[in-house]
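Biologist: I'd like to learn how to read a model like this one. Could you walk me through it?

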Amino acid sequence: MHATLSDRAVLAIRGADAVTFLSGLVTADVSGLADGVSSHAGLLTPQGKVLFEFIVQRNGEALLIDVAEAQAASLAKRLGFYKLRAAVEIEHLADRAVVAEWGEGVGNGPRDPRLDALGIRRIVAAGGLDAEPSALRAYHAHRIAHAVPEGGADYAFGDTFPHDACFDLLGGVSFSKGCYVGQEVVSRMRHRGTARRRVLGLLAQNDALPDPGTEIIAAERPVAMLGSSVDGRGIAIARIDRVRDALADGVPMTCNGEQIRFEVPAWADYLLDGDGDGDGDGDGDGDGQSACS
């Protein structure tokens, strides 16, 4: 299957300092990207919370940023704020679009860097593409089925740490590169294992789930926040400890009065029976160190 992701836009960063400029700002290490290869990344507040989430692809001498259309102008402005005297140009490419291909028989091309099961993700010329709403819905249903979150749809920008949205498990953060905005907070969370919120998939008893941002509760206690959903399957950012407690006590968890069931994503390294790695760093060793002195 394929879909034109009409909810995405493309920015280009060009110039002699393009790679060092962006690598010094974002969570991922984009300095070693080969031509046509992508990386998941984010730009954080100094307090370590996600302001922007995007996918960066190397295209010759340029870096192309595949970002939510609603965030494109704000991201371009923010990057311009950090530009100072760097030899870079930032441009919104209105003549480019993002296309996703997934499922059996998908061809060769740049893989979605978050999860291989999401298939191929291309940046192409926008002319003549069919932006079919049903295809876009099918893409998001596929993404939700694999519990891969997207900022704005599944968590709030400016109020979510990268670990909450599993950047560490979905290729969105490097713990070995140099400094970037908010880096010390992210490294400290990894080192101390203080990440309490994680991504869970969920299933409702019927096909309807309420709007994103609706609380999921157990015994009148919030345990998670609903994100996007399609046909009764959704994504939530959950307090893993509270979900574990509810399961251990046999307390039903409900969303807008409807009972739901949580599922741990297949790509995750945490569990709901209390036996996960527990250090919040995504590798089970608790040895995260800050590369920023």
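**Reading a strand and its surroundings**

Modeller: Let's begin with β3, a mostly covered strand: seven of its seven residues are buried. Buried means under 20% relative accessible area, with exposed over 50% and partly exposed in between (1.4 Å probe, protein chains only). Strands (E, at least two residues) and helices (H or I, at least four) are DSSP runs, numbered from the N terminus. This is a predicted model, where local features need pLDDT of at least 70, side-chain atom pairs count only at pLDDT 80 or more, and totals for chains, interfaces and linings use all residues. Residues are numbered from 1 along each chain as its sequence is written, and side-chain values use heavy atoms, leaving out hydrogens and water.

Biologist: Which residues of β3 are buried on one side, and which on the other?

Modeller: Ser 38, His 40, Gly 42 and Leu 44 are on one side, with Ser 39, Ala 41 and Leu 43 on the other.

Biologist: How do I read the sheet around β3?

Modeller: Strands of a sheet pair through backbone hydrogen bonds, either parallel or antiparallel. Here, five strands form an open antiparallel sheet in the order β3-β4-β5-β2-β6; two strands pair if DSSP finds at least two bridges between them. β3 (38-44) and β6 (89-92) are the edge strands, each pairing on one side only.

Biologist: How many bridges join β3 to β4?

Modeller: Seven, and the two strands run antiparallel. Gly 42 stands opposite Glu 53 in β4. The two strands form a hairpin with five residues between them, and Gly 48 in the turn has a positive phi of about 85°.

Biologist: Gln 57 lies in β4. Why does Gln 57 count as buried?

Modeller: Because its relative accessibility is 8%. The side chain of Gln 57 makes a polar contact of 3.2 Å with that of Ser 38. A polar contact is a pair of N or O atoms within 3.5 Å; within protein, one must be able to donate a hydrogen and the other to accept it, and residues adjacent in sequence count only if both atoms are side-chain atoms. Arg 58, also found in β4, counts as buried because its relative accessibility is 16%. Beyond four places in sequence, Arg 58 touches residues including Val 19, Leu 33 and Asp 35, where contact means heavy atoms within 4.5 Å.

Biologist: And how should I read a nonpolar core?

Modeller: In soluble globular proteins, nonpolar side chains tend to be buried together. A nonpolar core is a set of buried Ala, Val, Leu, Ile, Met, Phe, Trp, Tyr and Cys residues joined through side-chain atoms within 4.5 Å. The largest here has 43 residues, and Ile 216, Met 253, Ile 260, Phe 262, Trp 267 and Tyr 270 have the most contacts inside it. A second, separate core of 26 residues includes Ala 18, Val 19, Leu 25 and Ala 41.

Biologist: Where does pLDDT stay under 50?

Modeller: Over residues 275-291. pLDDT is the predictor's confidence in each residue, from 0 to 100. Where pLDDT is low, the predicted coordinates should not be read in detail. The protein chain averages a pLDDT of 91, and 93% of the residues score at least 70.
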